[in-house]
Amino acid sequence: MNTNMGIFAIFFSAIFTQNILLTYYLGMCSFLAISRQVKASLGLGAAVIFVMTCTSALNWLVYYYILVPLDLVYLRFIVFIVVIAAFVQIVEMIIERVSDALYAALGIFLPLITVNCAILGACLFMIIRGQNFLQSVVYGCGSGVGWMVAILAMAGIRQKMSKSRVPKGLEGAGIALVIAGIMALAFMGFSGVIK
Amino acid sequence: MRGKTKKVFLENLGRGNPVFIQILGICSTLAVTNVLKNTVIMCCGLVFTTTLSNFTVSLLRRWIPSRIRMMVEVLIIACYVIIVDIAIKATLPDISRQLGPYVGLIITNCIVMGRTEAFALSNPPGLSLVDGFSSGLGYSYVLLIIAFFRELLGSGSVWGVRMLGNWWVNWSIMVMAPGAFFMLAVFIWIVKGSILKPDQDKKGT
């Protein structure tokens, strides 16, 4: 679907027209749980961008240089999730050693990322679409940025919302979903921009 | 034992429902509910995975070191998901293509992970089997209701058969992303507002 697209187009379509959160609904769980404060969402967003870019690169290499030649494509789910989990673990250890400030900012979010469906989703999408290495990395990075844009916007809106009166049954998740719906509508407005 | 089994079973269908009370597994709830047929397949896959992975984790719970338990759980879940994926691909290739990555994403579905983590690690296998099965069912019936309305309003049909006459103008927004968010929000609203009593839904996030 995206094979003939330029790198630039892939990057922007991953952020706006095909936002991984608002059109593919991936990463909703942590999206709803974390988006209460702007600061936390900023940290999680940064961690997602980083992990997503690196894991889509790693998984691309693993898929095309190990799994395809060995004819083990059906094991891809297990391999991808192991690569993601291992990568996250290693990054966590490195950050802990190297920088205390960075660890304080990102550390608590890293374990959450292993089970963030957006990361695995991005890896599976890149395989289904048959992207090449560069396209996959750009797609991974763009999706991460798109996810961060969405969660930041959401956190900002939710902070304002805390003062307003919401119908009883809609409090919490309900109203968050309504906001996400309106944001998805707004993002649909971008759909004509990239052909 | 019998009473407890029944309690566990009903808990997951009603007050502890994974979708509208605990808000877990939302990703796939939204993604596969635009057509009823896909939803049914997805639900079967999920029920299969939660039931068996809960059972397996519970069987192995004494031997799983607690430091790496997440990893072990994910691997067990992934094995079952691969079985589901291959089975769907072999029997229903069209639907497999439409579902795309979402079958694989059952692995990171928070319901499966959440149940193994919260229930199977501390309960015997038989009870875990029931718990997994019923949380799968609790998830499924919510999805089926949402999918029914989205397909009816969005394409005027149910299970691919046209239900509403030619006078019906499709709400095409319902089969697209925003419709899913609104539909789930309305569903949660109705359930929380009218069926459950307000003082008992403390579990909500």
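The largest cavity here takes up about 50 Å³. A cavity is a set of points, on a 1 Å grid over the protein atoms alone, where a 1.4 Å probe fits but cannot get out. Its volume is the space filled by probe spheres set on the points, which are joined across faces, edges and corners. Keep in mind that this is a predicted model, where local features need pLDDT of at least 70 and side-chain atom pairs count only at pLDDT 80 or more, while totals for chains, interfaces and linings use all residues. As for bookkeeping, residues are numbered from 1 along each chain as its sequence is written, chains are lettered from A and ligands numbered from 1 in the order in which they are written, and side-chain values use heavy atoms, with hydrogens and water left out.

**Cavities**
- The structure has three cavities of 30 Å³ or more.
- (Lining residues have an atom within 4 Å of a point.)
- That lining has four nonpolar, three polar and no charged residues. Here Ala, Val, Leu, Ile, Met, Phe, Trp, Tyr, Cys and Pro count as nonpolar, Asp, Glu, Lys and Arg as charged, and the others, Gly among them, as polar.

**The second largest pocket**
- This pocket holds about 490 Å³ of space. (A pocket is an open set with protein on both sides within 12 Å along at least five of seven lines.)
- It is lined by 23 residues, and A:Thr23, A:Tyr24, B:Ala31, B:Asn34 and B:Tyr102 are the closest to its centre.
- With three residues, α5(B) gives the most to this lining. (Helices are DSSP runs of H or I with at least four residues, and strands are E runs of at least two, numbered from the N terminus.)
- Sorted by class, the lining of this pocket has 15 nonpolar, five polar and three charged residues.

**Where the chains meet**
- Chain A puts 43 residues into the contact and chain B 41 (contact means heavy atoms within 4.5 Å).
- About 3,300 Å² is buried between the two chains, and carbon and sulfur atoms give 84% of that. (Buried area is the accessible area, with a 1.4 Å probe, that two parts lose on being put together, summed over both.)
- On chain A's side, A:Tyr25, A:Phe77 and A:Leu177 lose the most area to chain B, together 21% of what that side buries.
- There is one salt bridge between the chains. (That's a side-chain nitrogen of Lys or Arg within 4 Å of a carboxyl oxygen of Asp or Glu.)
- A:Arg76 and B:Asp85 pair up in a salt bridge, at 3.8 Å from N to O.

**Confidence**
- Chain A has an average pLDDT of 80, and 91% of the residues score at least 70. (pLDDT is the predictor's confidence in each residue, from 0 to 100.)
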